[in-house]
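Here is a friendly walk through one protein model, meant to be read with the coordinates open beside you. Take a look at the structure first, and then we can go through it together.

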Amino acid sequence: MDHENYSKLVLVIRNDLKMGKGKVAAQCGHASVGAYRLAVKRPNVLKAWEACGQTKITLKCDSEEQMMELHQTAKAIGLISHVVRDAGQTQVAPGSKTVCAIGPGPADQIDQITGHLKLY
């Protein structure tokens, strides 16, 4: 498969919240579902991602500010982006922004925004 047409979903996790592994997994699930719900409105994007095996990559960022900047940049160039706000019933304060899903979308566009981040 040529990288030019490769599609993926990136999950940017706030490392500063120090969430437990289970909490991170749950928040990533919420982010994936939120992104999928947005992608349903763009059938061509969804079809391309499904054809690529629904690739998901987890990355980490250092702060809410950094995560929201990535979210706004993604939206500004027309990518799907969804931020999870936690209910605050377990490890983090109510309304905490925990994970940002960027995509599904073209890997090359997503990499322009998130390529500098480290794997989670």
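This is a predicted model: local features need pLDDT of at least 70, side-chain atom pairs count only at pLDDT 80 or more; totals for chains, interfaces and linings use all residues.

How many disulfides does the structure hold? The structure holds 0 disulfides.

**The cysteines**

A disulfide is a covalent bond between the sulfur atoms of two cysteines. To count as one here, the two sulfur atoms must lie within 2.5 Å. For Cys28, the closest cysteine sulfur belongs to Cys100 and is 11 Å away, so a bond is ruled out by distance. For Cys100, the closest cysteine sulfur is that of Cys61, at 8.3 Å, which is also too far for a bond. Cys28 is buried, with a relative accessibility of 8%. Cys100 is buried as well, at 0% relative accessible area.

**The chain as a whole**

The protein chain has 4 helices and 5 strands, and along the sequence they follow the pattern β-α-α-β-α-β-β-α-β. Its radius of gyration is 14 Å, close to the 14 Å that the globule rule gives for 120 residues, so the chain is as compact as a globular protein of that length. The C-alpha trace spans about 40 × 25 × 25 Å along its principal axes. Of the 120 residues, 42% count as buried. Among contacts with a separation of 6 or more, 74% come from residues 24 or more positions apart.

**The sheet**

In what order do the strands of the sheet stand? The open sheet of 5 strands runs E3-E4-E1-E2-E5, with mixed pairing. Strands E3 and E5 (118-119) are at the edges; each has a single partner strand, so one side of each is left without a neighbour in the sheet. As a reminder, strands of a sheet pair through backbone hydrogen bonds, either parallel or antiparallel.

| Strand pair | Direction | Bridges | Example |
|---|---|---|---|
| E1 (residues 7-14) and E4 | antiparallel | 6 bridges | Leu11 with Ala101 |
| E1 and E2 | parallel | 6 bridges | Val10 with Ile57 |

Strand E4 (residues 97-106) is mostly covered, with 9 of its 10 residues buried. Helix H3 lies across E1, E2, E3 and E4, and runs at about 25° to E4. Helix H4 also packs on the sheet, where it touches E1, E2 and E4, and its direction makes about 145° with that of E4.

**Helix H4 and its buried side**

Which residues of H4 are buried? They are Ala107, Ile110, Ile113 and Thr114. These residues cover an arc of only 125° around the axis, which puts them on the same side of H4. The elements that cover them include E1, strand E2 (56-61), helix H3 (64-76) and E4.

Thr114 belongs to helix H4 (residues 107-114) and counts as buried at 3% relative accessibility. Apart from neighbours within four places in sequence, Thr114 is in contact with Val10, Val12, Leu59 and Ile102.

**Backbone details to check**

Most residues other than glycine have a negative phi, and most peptide bonds are trans. Where does this model depart from that? The peptide bond from Gly103 to Pro104 is cis, with omega near 5°, and Pro104 lies in strand E4.

Lys18 has a positive phi, near 55°. Lys18 is found in the loop between E1 and helix H1 (21-39), and counts as exposed at 66% relative accessibility.

Gln54 also has a positive phi, near 55°. Gln54 sits in the loop between helix H2 (43-51) and E2. Is Gln54 buried or partly exposed? At 32% relative accessibility, Gln54 counts as partly exposed.

Methods: Residues are numbered from 1 along each chain as its sequence is written. Side-chain values use heavy atoms; hydrogens and water are left out. Buried means under 20% relative accessible area, exposed over 50%, partly exposed in between (1.4 Å probe, protein chains only). Helices (H or I, at least four residues) and strands (E, at least two) are DSSP runs, numbered from the N terminus. Contact means heavy atoms within 4.5 Å. Two strands pair if DSSP finds at least two bridges between them. The arc is that of the directions from the helix axis to the C-beta atoms. Axes are lines fitted to C-alpha atoms, for helices over the stretch in contact, and angles run from 0 to 180 degrees between N-to-C directions. The radius of gyration is taken over C-alpha atoms; the globule rule is 2.2 Å times the number of residues to the power 0.38.
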